[in-house]
Amino acid sequence: MSEERLARNARIYVAGHRGLVGSAILRRLQEEGFSRVLTATREQLDLRDQAAVNYWFRANRPDYVFLAAGTVGGILPNSTRPAEFLYDNMLIHATVVHAAYLYGTRKLLYLGSSCIYPRECPQPMKEESLLTGPLEPTNEAYAVAKIAGIKLCQAYRRQYGCNFISAMPTNLYGPNDTFDLRNAHVLPALMRKFHEAAREETPSVTVWGTGTPRREFLHVDDLADACLFLMRRYASEMHINVGCGTDLSIRKLAELMREIVAPYARLTFDASKPDGMPRKLLDTRRLRAMGWQPRIDLREGIRKTYEWFREHAEEAIEGRRMTPASA
Ligand code: GFB
């Protein structure tokens with residue numbers, strides 16, 4: 001397979017550069033010395049507006065696109081705001097993919113999510129398991145939009161010969177995550193809860209659900225590394241999983257977080273909150289066979305993220321990512 005050279009002066013657009021994933025890709029591109037990285041804030045460009053996106057692409061002509069923009073959140077907003085998750089994400093994927101086709105983008109990498117696989121999917125979840133069974137109801141809307149994004153990239157490849165590829169990351173964490181408890185995913189939510197509990201006299205943290213669901217967590221800097229790797233090396237129609245290969249129960253995650261952030265805190269479980277998918281572990285053999293592997297283990301990754309959180313607690317807690325069409 002021919003390798004994409006990614007010249008240092010290539011025009012590279014990171015859609016969603018303020019989010020967890022986009023900001024990690026941006027940092028990585030800057031570290032590697034790319035001199036023409038393009039971004040647009042939500043105020044500058046509403047990615048749900050095809051005419052505006054076309055205009056922006058015509059003016060900026062990106063050679064490469066990392067499509068990491070979207071309306072995202074944890075299990076609660078996913079289940080209570082399905083209209084926004086479906087509408088925003090379907091439009092954002094469609095406008096950017098279509099404009100990339102119209103204005104001659106050389107290659108586009110679309111970021112999906114491990115929630116595309118069926119609720120009862122055999123574990124670890126292989127790429128081939130897509131559309132083999134019903135989806136997990138708590139994130140069906142988001143998953144349907146993400147599946148549509150994969151199909152869009154495949155369709156533009158088949159019909160127009162576009163080099164558009166899709167990567168499916170597992171649950172992610174790291175700097176610039178959402179720490180607003182109503183919208184956050186489990187790892188940043190627990191980090192904040194333990195951080196706040198550490199200041200209490202009798203520290204206690206409530207964990208949603210039963211604690212039995214299992215999740216796989218990848219540091220977003222590892223994902224950014226995989227994204228650059230795939231942009232250079234992957235050119236197939238099949239989406240490709242990106243994960244670390246091991247998972248743990250939510251109870252174990254809470255215990256690990258407690259050890260790092262607030263060792264004396266007591267754990268309680270709120271079973272009135274949803275568990276969601278029982279298990280979500282990706283089969284990453286396809287990517288590993290190409291020679292990629294993650295570098296940051298979970299304990300080290302949580303420590304690094306907690307350092308970042310303490311330095312940025314105020315802005316992190318404001319939770320600025322849960323807005324439509326985040327750019
Ligand atoms: O990370 P999370 O919100 O989303 O929740 P999913 C994972 C598990 O952690 C669930 C439990 O079983 C939650 O009940 N949990 C325990 C908590 N305490 C907390 C807490 O304080 N906050 C949160 N948020 N969870 C999302 C999907 O699913 O994963 C998205 O909704 C996306 O569509 C994303 O795919 C990657 O892993 O269940």
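At what angle do helix α2 and helix α4 pack, and how far apart are their axes? The views below start there.

This is a predicted model, where local features need pLDDT of at least 70 and side-chain atom pairs count only at pLDDT 80 or more, while totals for chains, interfaces and linings use all residues. Residues are numbered from 1 along each chain as its sequence is written, and side-chain values use heavy atoms, with hydrogens and water left out.

**View 1. Helix α2 against helix α4.** Helix α2 (residues 50-60) and helix α4 (residues 82-102) pack at about 40°, with their axes 9 Å apart. Axes here are lines fitted to C-alpha atoms, for helices over the stretch in contact, and angles run from 0 to 180 degrees between N-to-C directions. Helices (H or I, at least four residues) and strands (E, at least two) are DSSP runs, numbered from the N terminus. The crossing of α2 past α4 is right-handed, meaning that the near helix is turned clockwise from the far one by less than a right angle. On the α2 side, Q50, V53, N54 and F57 make the contact (heavy atoms within 4.5 Å). From α4 come A94, T95, V96, H98, A99, A100 and L102. Sorted by class, that gives seven nonpolar, four polar and no charged residues. Ala, Val, Leu, Ile, Met, Phe, Trp, Tyr, Cys and Pro count as nonpolar, Asp, Glu, Lys and Arg as charged, and the others, Gly among them, as polar.

**View 2. The shell around the ligand.** The ligand is surrounded by 22 residues, with I75, K193, R215, P274 and D275 the closest (a residue is near if one of its heavy atoms lies within 4 Å). By class, the shell holds 11 nonpolar, seven polar and four charged residues. At least two shell residues come from each of α3 (75-80), α6 (186-197) and β7 (204-208), and α6 has the largest share, three residues.

View 3. Polar contacts are pairs of N or O atoms within 3.5 Å. A polar backbone atom of I75 sits 2.8 Å from a ligand oxygen, and a backbone N or O atom of P274 is 2.6 Å from an oxygen of the ligand. For W208, a backbone N or O atom lies 2.9 Å from a ligand nitrogen. The protein covers 97% of the 700 Å² of accessible area that the ligand has on its own (Shrake-Rupley method, 1.4 Å probe).

**View 4. A cis peptide bond.** Going from Q123 to P124, the peptide bond is cis, with omega near -10°. P124 belongs to the loop between β4 (107-111) and α5 (140-160).

Note on methods. A polar contact is a pair of N or O atoms within 3.5 Å; within protein, one must be able to donate a hydrogen and the other to accept it, and residues adjacent in sequence count only if both atoms are side-chain atoms.
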